[in-house]
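Subject: Structure for your review

Dear colleague,

Please find below the structure that I am handing over to you. My notes on it follow directly after.

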Amino acid sequence: MLLTRLKAGGPAIAKQGILVAFIVFMIAFSLMSDRFLSADNIMSVFRQSAIIGVMAIGVTIVVIGGNLDLSVGSMLSFATVLVVDLHDKIGPELAIPVMIMATLCLGAINGFLIGILRLNSLIVTLGMLSAIQGLVLIYSGGQNVDIADQSGTWFAIFGRGAIFGVATPIIIFLGLALIFHVIMTTMPFGRRVHAVGGNPTASVFSGIPRSRVVFMTYLISALCVAIAAIILGSRVMGSQNNVGQGYELQVLAAVILGGTSLLGGSGSILRTVLGVLMLAFIQNGLILMGQPYYTQWLVTWAVIIVAVWLDVAAKRGRLFSPIA
Amino acid sequence: MANLTQIPLLRWLMRNPIWGFVLIVFIFFSLSADNFFSERNLMNIVVQASTIGLIALGMTLVMINGNIDLSVGATLALAAAFAVDVQSWAAFATWGNWQILPAVCIALLVGILMGAINGFIVWKTGVDAFIVTLGAMLGIRGLVFVYTGEQSFYAMNFAYSDFSFMTIGPFPVLAVIFAVAVIAVHWLLSRTVHGRNTYAVGGNREAAVNAGIRVGPHMMINFMLIGFLAALSGVLLSTQMGAATPNLGRDYELWVITAVVLGGTKLTGGKGDIIGTLGGVLAIGILRNGMNLMQVPAFYVLVILGSILIAVLFLDKRFNRTADGGLRL
Amino acid sequence: MSDAHEPALRLKGIVKTFPGVRALDGVDFDVMPGEVHALLGENGAGKSTLMKVLAGMYQPNEGQIIIAGQPVQMTNPIEAKAQGVVLIHQELSLVPEMSAAENIYLGELPRKSFGRVDWKTLEDRSNTILKRLKCRFRAEATVAHLSIANQQMVEIARALTVDARVVVFDEPTASLTDAEKVVLFDIINDLKSQGVGIVYISHRMDEIFTLSDRITVLRDGTYRGTLTTAETNEDEVTRLMIGRSLDLSRNEAAPNFGDTMLDVRNLTCTGLFEDVSFTVRAGEIVGFYGLVGAGRTEIAEALFGLRTPTAGEVWVDGAKVEITSPRDAIALGVSLVPENRKEQGLVLQMNCRDNMTLPQVQDLTAGPFVAKGAELAIFDQYREKLAIKTPSWRQATAVLSGGNQQKIVIGKWLSMKPRVLIVDEPTRGIDVGSKSEIHQLLRELAAQGYAVIVISSEMPEVLRVSDRIVAMYHGRVMREFDISEVTEDKLVQAISGIKSEEPA
Amino acid sequence: MRNSMRLLLASCGTLALASAASADTIRIGITQNNVGIDSYQTTYEQAFIEAADANPDVEVIVLDAGGDVARQISQMQDLIQQNVDAIIVWPTDGQALVPAVRNAHREGVPVIVTNSNIAEAGMDFIAAFSGPNNIQQGIYSAEMMCEALDGEGEIVQITGMPGYTTAIERQQGFDERLAELCPGVTQLDIQPGDWNRERAQRTMETLLTRFDNIDGVYSGDDNMGVGALNAALAAGRAEGMVFIGATNFAVGYDAMERGEYWGSVYQSPVDDARAALQTALDVLAGEDVPKLNYFDTPKITQENMHEFDRPVF
């Protein structure tokens, strides 16, 4: 089995550009900071990356389906403001389902415009990024929202709690990753998303309801955002209107780092998890080393290009592009 | 006679729906916003739109090539920082107002260099331009912070900021520079061999390679052009501020792409032109200016701009539907 | 100073290797001025690689290229063109949004000062060339608005921009109709009479025997020999190519057909096809023959739920049906093997097994999961049945040969156990060996009781596999032939819109 | 075509008449920094509009620059274009707005700068500044930190969005005063929290990992301060740690009440907005207005907090 894999193209190790880069970085950082590999720090980074990570799961599925979703940043602001605001008004047991429904509606709008009307996903989600941010501000009147009784609400479990000693955000993040990994790799829906992203025309010619599949990917993305918002709202016990601003790019960077092709049809949730963790460890490691915050941007630049380059190079079997 | 003149105009508008849209919002704001329809305000619109507009010219080239550049906002900030900072370098202390010249030249060179780096990476690694420039968007912003040390730079010399208030005849100098750039890039794209090759590379890269066009260097040149235009935009913006701030140009890439796509350039490459891009830039400029004049609350402006973007995309698809002959895919 | 015995172009011992592959292994080839030299070989035999070496796109690892007696090195297509070697590509290599003139001179637009395009020179020269090719469109026309055949002409016009010594045609007739082929052959003969050496690559034996003076055969990257066309026959060439003979017989009508499985009555799709009626019985193959654009593919798409007919009825297995989506069609047992396997048939980066089970993956489940065992069973069954050559089911379909890709698509639809199987251009761009295997397969399917529709633009193919032939012209059914009564003349007349004196 | 031109010209004529009719009301334009980024600015905007509505002679045009300097410059131009009587500007960047202010000055439109001041070079061109003294706030915070730690300890600082004036000035005031007043207090690290509570929380978590001992945390505003507090609480290290912020938020006020938060600087957006409008009206009335009008932003600590109302944001 390994032999056929090797024959299928290039050495297996070169295909795991992200894994190689990840290991190299972990070793380098642990040499430079003795606290880096401490259990506390690792737990802390996992917990911090849960919000971006949960969103990245949804975006990975959208990207495998051949589209982009840049609206997740605003959508996170929307969902967090909503759930926090409703928490004190109607109680968490109602606030959570109401927020999830509302966020799914936004996902459905994306899905309708992109899946059914077939508008370009980059531009539609760019427009939604702006429109949803406006909606949040109109809803809240621009005010921050806070949960008054921070210690007495069971809502705290999602962002601050722990189950068997493991922080809940980590359990939610890794659990969701595992669930969606299983869906994408072993269930008919996953197969269909891969097919639609890989070749939409051929999918239709194979009887796959292309519009519905794309629509579903945006619903999943919205659902992931809603879950991330629960973690975020519970962790902070409040929300600003622009809390998700810029998250869409961090999420996309993680997805790209995980080797998911922007052309659609290929990608893996588990590798996205690696991408998310790698970005989080870079950020964390550089602060531990006492570097100014902007070095993380320079390092991220280099890491994204090198990791994707290795991936691309392994696929084509040569380091440099053949174009003259 | 009215019929004869109207039909080509209508047909032209069908192909360039954005200009129809520009016309509609123009008439709308003229009727409903105080002070909109005045010479000075219209000049203001052009000056305000020129920041996004200059970059959009370059983005049109890059997108027709089938690439994209997300790093332009950061490049703009870096160039602005250099343009302001270099003036105060000791080496040019005795140059008087001429110290502006090397500063501007270095800023523009920095822009070209950033474009060259992006172009070179895209050429040599074969990694998608979206990914390369997404990385560069973070990285170049990092360079801005390294260079400025988080502080704003300001120009001691008021001659620098006076430049932006100069006029040539009745026209503000910034509007004139923008107009010249529009004409130059339009000429480049429609009349020169490089411009025509831009369509070839984006329309059918395989064919361009087979025809012996050196696709790699060609794309790199276009990245350098957008770097130059982003830097020029940064320099002009810094003359309006007499200063450069490290956060300058955030999110500009999104507005630039929006303008270019509104103008009918295809994200997949091979199709688009400067006339459309100009329409897209003016549409955004007029909307922003008009909504300011009408005092539309900021929160609603976001919703309106986002919805209009999607609506124009939808209309464009209705008008310019490709002839799929009714095949349901 | 080249006399008649000096080859216009000569390749000596060309070796080209890629990581892990020896694509060309010591190939010799030459073409004389005023000669048409056909190059033959199955897909993957190394023809394309050889052509790319010729055109300066690849550098050979060993060997020499000699043009008019001088050894040369060509590092890019422009240099090759300057040496007088021009390659006409198999897949249309045009830029759709540019004018014909710009496409003809792509990569070497005439310049004025400041890098400006010299439009006048460009258009004058292009129009002259197009006139020489007897084209009836202007050089200013945008390529996207031209028909496929005219686009091919633009491609060919590129060869005439220089004083070509050698012109290489790579499958030039793949997208041309029979009528358009005639024009192309005139041009080739014209070039030939001007002393240009022609290298002609094609899978179509009839063309090669009509046109060529000599035939060189490649197999697995090695040179197998050169034959003089006048002294050989198809059988000899085929044996050289695939190492065995081919069955070139015409189909003998099978005696016993079952019930009518598909009955199409007055089906109309305005602007595409009008008033189309026909039936297909179980065990029968009905061939649809016609020019490109005659409406055959569109009928297939309508039957598969991808187009909405404006009028008419479709009956499947004795029941009137409405097919509004591919899902409906699949549920009714109608399957379509589409025309373009790379764009419509396969998800190229997906593996073989997943591609094959794609239409039924929703039903192949164990609990919520895809049943891997059932999937593999299907794949293994059809791999064996169709003799698909792939190292493993994990192989991405992108790297398979055209024939094997087509078999995967056919297997995909056979595994759906359809009642009606529609096959659109089943052997387009497929080499001779695989072609006859696919024909064999279609006959076997019919024998097993499938009702089969074969759409093809190749007359030999239609004749070989069909029990009946429906001839179409301009969206209408012109005539229906029984295989026993059909002649080539009658078929050509029918698809050219000439009403036959005797009614069918 | 010609008809539509005539229509345009006609409508312009009527508009000109309409604006001429309202000539004796005072028209003031304001361009804000980034409404919606935090509650302070939103509350400021509401208070400003309320104050203006209360005065029948005043008509206001309210614009928001969304944090973008270039857009703010455009808005300045648009306001000059509309012949407003005065412009109030909340600079997105104190440096970069100087030419735009200078241009307004040349056009004869008085400019009142609000909340965070413009750079030194622009002082000649403004009619007045009204707002809190951000450097002074930094100084107050340093003094509180010093007092709370008794002049000895190790602290970290979480700043606002890098590159923005308010963030820079508070940091400047804090750093300088701390070094001068309490050389015994060392700053272990300074990291940005981008005015974002979650990001501040994340940064603080990493700092807690990095340093075994942190005695105090200074945050550029209470929003981030509460984020840092959350991190420390979760790590079980909040006990004995001193949290000092700026711009007292309701969450900060509550935390103070619970005894978890040491102190902050009380700054009311309502006062800020009213002061700005009043300064503008004074300038227009021809009164002799001083250049710098700081409104009071006192220290608020657990001890004196009940002298203040709970902030509304």
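In chain C of this predicted model, helix α17 (residues 488–495) lies across the strands β13, β21 and β22. The helix runs at about 35° to β21(C).

These strands belong to an open sheet of 6 strands in chain C, with the order β16-β19-β20-β13-β21-β22 and mixed pairing. Its edge strands are β16 (334–337) and β22 (476–482) of chain C, each of which pairs on one side only. On average, and with direction ignored, neighbouring strands of this sheet are turned by 20° against each other. Within the sheet, β13 (residues 285–290) and β20 (residues 451–456) of chain C are joined in the parallel sense by 5 bridges. C:Gly287 is placed opposite C:Val454 of β20(C). Another helix, α9 (residues 296–303) of chain C, also packs on this sheet and touches β13, β16, β19 (420–424), β20 and β21 (468–473) of chain C. The direction of α9(C) makes about 145° with that of β19(C).

Chain C holds a further open sheet of 6 strands, in the order β6-β7-β8-β3-β9-β10, again with mixed pairing. Here β6 and β10 (222–228) of chain C are the edge strands, and each pairs on one side only. From one strand to the next, the twist averages 20°. Strands β3 (residues 36–40) and β8 (residues 197–201) of chain C run parallel and are joined by 4 bridges. In this pair, C:His37 stands opposite C:Val199 of β8(C).

Helix α5 (residues 148–157) of chain C may also be of interest to you. Of its 10 residues, 7 are buried, and the helix is thus mostly covered. The buried residues are C:Gln151, C:Gln152, C:Met153, C:Val154, C:Glu155, C:Ile156 and C:Ala157. They pack against β6 (85–88), α3 (100–104), α4 (119–132) and α6 (178–193) of chain C. The edge strand β6(C) is therefore among the elements that the buried part of α5(C) packs against.Turning to chain B, helix α11 (residues 215–241) has 27 residues. From its first C-alpha to its last it reaches 39 Å, close to the 39 Å expected at 1.5 Å a residue. Why is α11(B) described as largely enclosed by the rest of the structure? The reason is that 25 of its 27 residues are buried. The helix is followed by B:Gly242, which has a positive phi, near 60°.

Lastly, I come to chain D. This chain has 10 helices and 12 strands, and 60% of its 313 residues are buried. Its C-alpha atoms fill a box of roughly 75 × 45 × 35 Å along the principal axes. Of the contacts in chain D between residues at least 6 apart in sequence, 74% join residues at least 24 apart.

Chain D is divided into domain 1 (2–132 + 269–296) and domain 2 (134–266). The centres of these two domains of chain D, taken over C-alpha atoms, are separated by 33 Å. Domain 1 and domain 2 of chain D each bring 8 residues to the contact between them. On the domain 1 side, those residues comprise 4 nonpolar, 2 polar and 2 charged.

With kind regards

How values were computed
Residues numbered from 1 in each chain as written. Chains lettered and ligands numbered in written order. Predicted model: local features only at pLDDT ≥ 70, side-chain atom pairs only at ≥ 80, totals over all residues. Buried ≥ 20, exposed ≤ 12 C-beta atoms within 10 Å, placed from the backbone. Helix = DSSP H or I, 4+ residues; strand = E, 2+ residues; numbered from the N terminus. Contact = placed C-beta atoms within 7 Å. Pairing = 2+ DSSP bridges. Axes fitted to C-alpha atoms, helices over the stretch in contact; angles between N-to-C directions. Domains from an automatic or database assignment. Nonpolar A, V, L, I, M, F, W, Y, C, P; charged D, E, K, R; others polar. Expected span 1.5 Å × (residues − 1).
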